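Please read it with the structure open.

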Amino acid sequence: MRGLRTLQLGPSRPTRAFKRLGAASLGLLLLLGTAGCGGGGSAPGDAAEQRVIVLGIDGMDHALTRQYMDQGIMPNFSRLEKEGTFNPLGTSAPPLSPVAWSNFITGLDSGGHGIFDFIHRDPETMIPYLSTTRTSPAGRTLTLGNYQLPLSGGDIELMRRGEAFWEVLERNGIESSIIRMPANFPPTGKAHRELSGMGTPDILGNYGTFSFYTSVLFAFSGQSISGGEVYEAWAEDNVVESKLYGPTNPFLIETEKVTTDFTVYLDPDEPIAKLVVGNRNDDGTIDLQEERVLAVGEWSDWVPIEFEPIPTQSLRGIARFYLRSIRPEFELYVTPFNFDPMSPDLPISHPPEYAEELARATGLFYTQGMPEDTQALREEVFTRDEFMAQAQLAGADVRQQYEYVLDQFKASSSPQRLLFYYFGNLDQTSHMMYRVLDPEHPTYDPEIDTKYASVIEDLYRQADEAVGYTLDNMEKDTTLIVMSDHGFASLRRNFSINTWLKEAGYLTVRNPNMSNDPGMFVNIDWARTRAYAVGLNGLYINLEGREPNGIVTAEERPALMQEIADKIVQVIDPATGLPAVGKAYQREKFFKDRGEIEIGPDIVIGFAKGTGGSGKSSLGAVPAEMFEDNTEQWTGDHGMDHEVVPGILLTNRPLKQAAPRLQDLAGAILAEFGIEGFPARPETAEKAQ
Amino acid sequence: MSILNAILRRLFDVALFPFRELHPLVGLTVVSLVFGVAVLLVYKATSNQEKLATVKRRIHAGIFEIRLFNDNLRAIMRAMGDILRHNANYLRLSAVPLLWMIVPLTLVIAQLQFHYGYQGLAPGDQVLVKVELAEDWTEGARPKFALEVPSGLAIEAGPVWIPSLHEVNWRISAVEWGDYELTLTTPDGPLTKSVRVSDDVVRRSTHRLAPGFVNQLLYPAEDPLPASSPVQSIILSYPAGNAGITGWESEWTWMLVFFILSVVVAFALRKPLNVTI
């Protein structure tokens with residue numbers, strides 16, 4: 001039956017003709033399929049029909065939603081509330097997306113699923129790493145001159161532990177489609193259909209690395225560009241020749257990026273150009289891959305890019321080009337190289353061909369987990385208008401795909417089924433545009449921000465439209481659940497935990513005069529440091545036997561943790577006169593689940609509303625200032641105490657099992673299908689004290 | 001050549017018309033069947049069937065000799081020599097019908113390529129229109145060209161004038177299903193180029209080229225441009241592909257299918273049609 005459904009729904013415009021053949025044979029296959037199932041399978045109607053749709057809207061804030069509902073801006077939400085329920089949904093601690101979504105997926109807290117932050121540190125090497133996924137290169141290689149040939153494949157591992165709720169559904173014969181679920185890369189392979197979401201890297205292996213080509217010499221000289229690479233490129237006789245830089249060539253011993261040439265032909269008179277992707281030959285000809293005409297200020301469609309590390313081997317990606325300017329300066333932005341869903345080099349869907357099916361149905365799409373290029377705006381490669389345009393492109397991909405996925409869900413013949421679909425646009429855009437809601441924000445400029453005053457409201461309106469579309473198109477008697485992983489708040493001040501630890505005598509630096517600490521703990525004197533911070537909310541004890549240069553004994557640890565927890569909540573921000581930290585959670589006291597608790601920080605810091613962790617401190621630096629105004633474009637955040645940024649839970653009917661917290665929601669969803677007792681915790685699990 | 005192409009275009013358009021709304025495999029199977037039979041008949045008519053049969057018998061005899069005397073090295077070597085000699089003779093005899101067929105085969109392939117080698121445009125699709133000028137076009141002089149499109153198409157961007165390539169480009173989009181003609185207005189008069197927004201199996205012309213035997217042989221899907229025009233080509237970049245014959249998107253996939261089916265048909269019918277090949 002699975003193959004039958006794929007045949008019915010898979011082909012799209014490129015293979016419309018195939019669809020005609022498929023349609024002709026579909027009747028026969030249906031007959032055969034029905035006959036085949038008739039003997040031993042259950043007849044339709046044997047199982048009680050139950051359909052559940054869960055819309056996950058990242059970052060939808062409860063208070064703001066309430067406000068917009070009261071203002072009549074979100075009529076579909078209001079309609080749902082009248083029929084069902086609308087409540088705040090308690091989020092994770094810390095309320096960071098990978099943590100929160102892992103709570104939702106597994107029904108466990110961080111102690112159980114092992115995701116405590118975006119960033120963890122390896123206690124053996126003290127190197128920070130991304131928490132949700134671990135990649136390892138090929139184990140053995142054969143060296144031939146300058147080349148190395150891998151003799152075994154590399155590996156990519158999802159680090160989230162615990163059982164995903166859809167595994168239980170599938171085990172009970174309930175069909176589940178899990179689309180763009182965060183913290184689910186690579187996909188578990190346990191749902192009927194899966195497309196990985198937040199946490200899916202670009203083809204370079206990062207969360208997203210853009211390329212910016214500019215003729216402005218030294219435009220970013222001396223600056224560290226985060227999330228992107230800047231390349232000089234200038235026109236000679238109205239022709240710009242440069243390269244697209246792919247991942248490191250895995251076949252070369254020396255570290256060298258694999259590249260593909262591109263050429264931009266500038267119109268000598270008009271603000272328009274032709275982009276040609278393809279390697280240039282010695283005779284001036286080009287091995288054409290793709291060509292596009294772009295006016296200045298225009299975005300290209302998705303352009304397939306092929307990198308050839310060695311002949312016969314290729315890495316495929318897709319990118320969109322934004323021609324920012326051609327005169328007086330040449331400026332071209334290229335999105336991160338996403339996996340080509342028609343032929344992804346890493347598993348981004350289950351079954352593997354599902355990504356291709358989606359691409360055929362609705363076109364190529366962003367496969368990277370967080371497609372909105374917040375870094376390009378933070379680094380001022382984008383203006384706010386350009387960021388909004390790019391974010392809208394990314395959001396459009398997701399909304400367009402949702403219509404197809406919802407149709408597919410409706411067309412399924414399975415009597416019991418679940419669809420989860422994720423929208424990340426509201427979260428990412430809120431991070432960058434939240435100051436428009438906060439005239440007290442240090443960067444608020446009424447002259448600029450009034451222009452964008454309705455941006456956040458528009459995002460919520462779009463979410464409401466998605467709910468309205470669902471209500472109009474879903475089958476009767478479907479349970480609709482709209483939820484978010486956390487809320488949002490204005491981020492006015494940054495607090496450096498490491499600097500406070502230093503001032504309070506828990507951390508000692510090697511060089512007190514270091515002006516620009518690069519992070520990675522380079523300035524920490526481990527022999528005289530009892531506690532340190534890394535990650536957005538994590539505080540660790542420099543524990544003997546765990547950290548390589550630990551000095552705190554296991555016996556001293558509980559008292560030290562209590563002491564730090566007591567002191568840090570008393571820190572007052574001198575600029576506001578308000579506490580910087582709402583609560584400090586000691587892991588053994590706070591987390592109920594214990595299977596993976598050793599991975600996590602000893603203390604989770606819950607910042608007060610309006611305050612966030614310093615970016616430098618989160619990467620292991622000890623900046624000079626303990627407090628700073630947040631002057632970045634990143635003006636909205638949720639990495640605060642979990643009690644001040646709840647998410648939302650909206651349903652079209654009261655759920656059979658209450659879900660006051662995100663962590664309870666998966667159990668409540670399973671209860672809709674009559675499945676109790678999720679998550680299954682080992683009998684030996686320790687209880688919270 | 002252009003008259004011949006015009007006749008062939010009409011012939012293939014009419015012949016494939018009944019299959020235009022069916023899966024490409026259907027029309028291609030019928031074409032392959034007809035082609036396989038035609039090849040057999042041409043082969044029969046233009047080859048020396050008696051001599052071919054004799055040569056094949058001698059080759060078989062040589063193979064039989066090797067199997068019979070497999071313990072006699074001299075006999076084996078002599079038989080292998082005979083087989084090689086008869087094989088050369090077989091190739092010589094086969095070359096005659098192949099020479100007869102090479103011209104019609106080329107014409108047929110060229111026609112079929114533009115029915116099965118490219119995907120159609122659909123409303124919403126965007127595509128490049130490239131106009132190439134003669135090499136002796138005055139360097140740097142911007143051509144005073146304008147592109148006009150009917151209401152089923154829209155110009156999205158352009159023109160881009162690229163002096164170093166003697167090239168002007170536009171990006172157009174398909175708005176509605178239909179068959180259209182672009183009009184390129186030049187100082188020497190208007191030039192047209194067909195655009196088909198259709199997912200049917202129809203003739204799609206990627207190139208309209210200046211007159212010339214090779215140009216017309218390889219790109220017969222549209223009449224040549226006027227010889228006096230400085231425009232050397234008008235190219236419309238239909239997406240390469242085969243309209244989903246195997247799911248493998250290549251403009252040449254159909255040809256593989258066509259050859260395999262034709263060969264299968266030819267071998268299957270050689271005895272009923274009494275043809276020695």
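Contact here means heavy atoms within 4.5 Å. This is a predicted model, where local features need pLDDT of at least 70, side-chain atom pairs count only at pLDDT 80 or more, and totals for chains, interfaces and linings use all residues. Residues are numbered from 1 along each chain as its sequence is written, chains are lettered from A and ligands numbered from 1 in the order in which they are written, and side-chain values use heavy atoms, with hydrogens and water left out.

1. Start with A:E547. Leaving aside residues up to four places away in sequence, A:E547 touches A:R121, A:P123, A:M126, A:Y532, A:Y540, A:I541 and A:N542. A:E547 lies in the loop between strand 29 (538–541) and helix 15 (557–568) of chain A. Helices (H or I, at least four residues) and strands (E, at least two) are DSSP runs, numbered from the N terminus. A:E547 is buried, at 3% relative accessibility. Buried means under 20% relative accessible area, exposed over 50%, and partly exposed in between (1.4 Å probe, protein chains only).

2. Next, a sheet in chain A. Three strands form an open, antiparallel sheet in the order 18-19-22. Strand 18 (303–310) and strand 22 (338–339) of chain A are at the edges, each with a single partner strand, so one side of each has no neighbour in the sheet. Strands pair if DSSP finds at least two bridges between them. Strand 18 of chain A is joined to strand 19 (residues 313–319) of chain A by 6 bridges. A:I305 sits opposite A:G317 in strand 19 of chain A.

3. Now chain B as a whole. Chain B has 6 helices and 8 strands. What is its radius of gyration? Chain B has 25 Å, while a compact globule of 277 residues would have one near 19 Å. The radius is taken over C-alpha atoms, and the globule rule is 2.2 Å times the number of residues to the power 0.38. The C-alpha atoms of chain B fill a box of roughly 80 × 40 × 35 Å along the principal axes. Of its 277 residues, 47% count as buried.

4. Last, the surface of chain B. B:M1, B:L4, B:F213, B:V214 and B:L218 make up a nonpolar surface patch, with about 470 Å² of accessible area together. Like charges are joined within 9 Å, and nonpolar side chains (Val, Leu, Ile, Met, Phe, Trp, Tyr) within 5 Å. Areas come from the Shrake-Rupley method with a 1.4 Å probe; for residues, only the protein chains shown count as cover. Helix 5 (residues 213–218) of chain B gives the most to the patch, with 3 residues. B:L4 belongs to helix 1 (residues 2–16) of chain B. B:L4 is partly exposed, with a relative accessible area of 37%.

Technical notes. Patches are made of residues with over 30% relative accessible area and no salt bridge: like charges are joined within 9 Å, nonpolar side chains (Val, Leu, Ile, Met, Phe, Trp, Tyr) within 5 Å. A salt bridge is a side-chain nitrogen of Lys or Arg within 4 Å of a carboxyl oxygen of Asp or Glu.
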